[in-house]
Amino acid sequence: MVFSKHPPLNSAIKISLAYAGFSSLWIFCSSSVLGFLITDISLLTRLTIYKGFVFVIATTVLLMLFIRREMTRREVVMKALENSEKQYRVLFDSNPNPIWVYDINTLKFLAVNKPAVQHYGYSMQEFMGIRITEMHPPDLMLSMMSMVYDKTQESSEVCYAGTWKLICKDGSIITAEINTHNITFNGRGARLVLAVDVTERKRVEEEKENIARALEQNKKELETLIYTTSHDLRSPLVNIQGFSSLLAKACADIIEADNASGTGVNRQRREQILESVGYINSSVAKIDGLLNGLLKLSRAGRDEIKPVHIDIRNIINEIISAMSFQLQQVDAEVTVGSLPACKGDSVHINQVFSNLIDNAIKYRDNGRPLVIRINGLTDSHTAVYCVEDNGIGIPEDRQNTIWEMFGRLNETEVGGDGMGLTLVRKLVDRSGGRVWVTSEPGVGSRFYVSLPLTN
């Protein structure tokens, strides 16, 4: 096997041209000089014979020098070719990936390495008897042939030829990334091919894409289900709430009438009914709050994102102004530090920080005045904000569960629907950011929100 990028030079032509040039020059110059200097014919004849002997000796010496130099140069070239052949052979045989050489004109295999034999199931003899077209699926033949005869593949450099589907002897399909290199093989134009098997990688990538599509579809279906269920349950809930209120009013009127008449008939039972109606109303109010939370969460996943330049300080000031009554009620102190601008949906970002500040109010420590600090900084391509409070704090084992739906820290002492932080995470995720918390029970919590920087 001989790999070469260029055919060897034809030394015989060079020597013949040099000999012809020297002979012509010698004959012309020597005859002209002798004819000019010597008029004696006999003497001129003898000198011409001597001149012939000198020419033979001179040309013999020159030919020997030429031949010796060309032989030396040819030995160097052949040695270089031999070394190149050995290097190619080592790379060809020792490479763990399948490699083959095919004729550019006939497309027949000229050489294959052992990994190609092991990988595709053909023996060396079988490979030598087929064309590369026989290893390609018929429906992909046109694209393969266009690649083979693509002008960009005629470069002497290594070329990336894309991904091929190749048929093994047993009929199975292997996906391979192909790199090619044009060479001269035993004096004919050929192409060396390195085929890296990426079948498993492609399979994993396809599985990931399928899983991602399925998750996205399930997410949309879940959001639709939450929205539909929450919306449809509100009508019967309103009826229950309305009729419960009427029933409570009727019971109160009956009790008042009994008190006025002094009869006290079934007074205790009516009071029990009134108390039961109160439980119904409180349960309805709780369910109503949960449905509102589900609707908010559903809308957060369905609303169109409108990213704009946002001055967070303006949004924080608006939130503080809107929540001034709640803050005054608990005698809270709010300090606002440096806040870099960011990019996001202004309505969603307003909801995020409103929920975080409301959370600080709900989970305050009643043993000390509530202090809320809001600061920000830039980190690489993001703006990072921190909402810090000196509330009751969050145990380490609950710092992951608080982001789940209905994951309230204290269900008995704190009101709310348990959807606030779930909504915060969803809105921040949709804005291309991230939210996390650090906290210490009895000391307070820090909620961090990272959002893309504005351009």
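Is Cys-342 buried or exposed? Cys-342 is buried, because its relative accessible area is 0%. Buried here means under 20% relative accessible area, exposed means over 50%, and partly exposed lies in between, with a 1.4 Å probe and protein chains only.

Some ground rules before I go on. This is a predicted model: local features need pLDDT of at least 70, side-chain atom pairs count only at pLDDT 80 or more, and totals for chains, interfaces and linings use all residues. Residues are numbered from 1 along each chain as its sequence is written, and side-chain values use heavy atoms, with hydrogens and water left out.

Helices (H or I, at least four residues) and strands (E, at least two) are DSSP runs, numbered from the N terminus. Two strands pair if DSSP finds at least two bridges between them. Strand β4, residues 159-167, pairs with β5 in the antiparallel sense, over eight bridges. Lys-165 has Thr-175 in β5 as its bridge partner. The two strands make a hairpin with five residues between them. Gly-171 sits in that turn, with a positive phi of about 95°.

Now the other side of the story for β5. Strand β6, residues 188-197, is joined to β5 by 10 bridges, and the two run antiparallel. Glu-177 has Val-196 in β6 as its bridge partner. This is a hairpin too, with two residues between β5 and β6. Asn-186 in the turn has a positive phi of about 50°. How covered is β5? Mostly: of the 13 residues in 173-185, 10 are buried.

On to the open sheet. It has five strands in the order β8-β10-β11-β13-β12, with mixed pairing. β8 and β12 (434-440) stand at the edges with a single partner strand each, so one side of each has no neighbour in the sheet. On average, neighbouring strands are turned by 15° against each other, direction ignored. For such angles, axes are lines fitted to C-alpha atoms, for helices over the stretch in contact, and angles run from 0 to 180 degrees between N-to-C directions.

Inside that sheet, strand β10, residues 371-379, runs antiparallel to β11, with eight bridges joining them. Leu-377 stands opposite Val-384 in β11. Which helix lies across β8, β10 and β11? Helix α8, residues 312-322, and it runs at about 170° to β8.

Two loop residues deserve a look. Ala-341 lies in the loop between β8 (333-336) and β9 (342-344). Ala-341 is partly exposed, because its relative accessible area is 23%. Its contacts, leaving aside neighbours within four places in sequence, are His-309, Ile-310, Ala-383, Tyr-385, Leu-453 and Thr-454. Contact means heavy atoms within 4.5 Å.

Ser-431 is placed in the loop between α11 and β12. Ser-431 counts as buried, because its relative accessibility is 11%. Not counting residues up to four places away in sequence, Ser-431 touches Ile-349, Leu-451 and Pro-452. Lys-306 is 125 residues from Ser-431 in sequence, yet 9.3 Å in space, C-alpha to C-alpha. The buried residues of α11 include Leu-421, Val-424 and Leu-427.

Last, the aromatics. The whole structure holds seven aromatic pairs. Rings of Phe, Tyr and Trp (its six-membered ring) pair if their centres lie within 6.5 Å; planes under 30 degrees apart are stacked, over 60 edge-to-face, and the rest tilted. The Trp-403 and Phe-447 rings have centres 6.0 Å apart and planes at 80°, so this pair is edge-to-face. Trp-403 is in the loop between β11 (382-389) and α11 (420-430), and Phe-447 is in strand β13, residues 444-452, so the pair links parts of the chain 44 residues apart. Trp-403 is buried at 7% relative accessibility, and Phe-447 is buried at 3%. Ring pairs also link Trp-100, Phe-109, Tyr-120, Tyr-122 and Phe-127 into a cluster.
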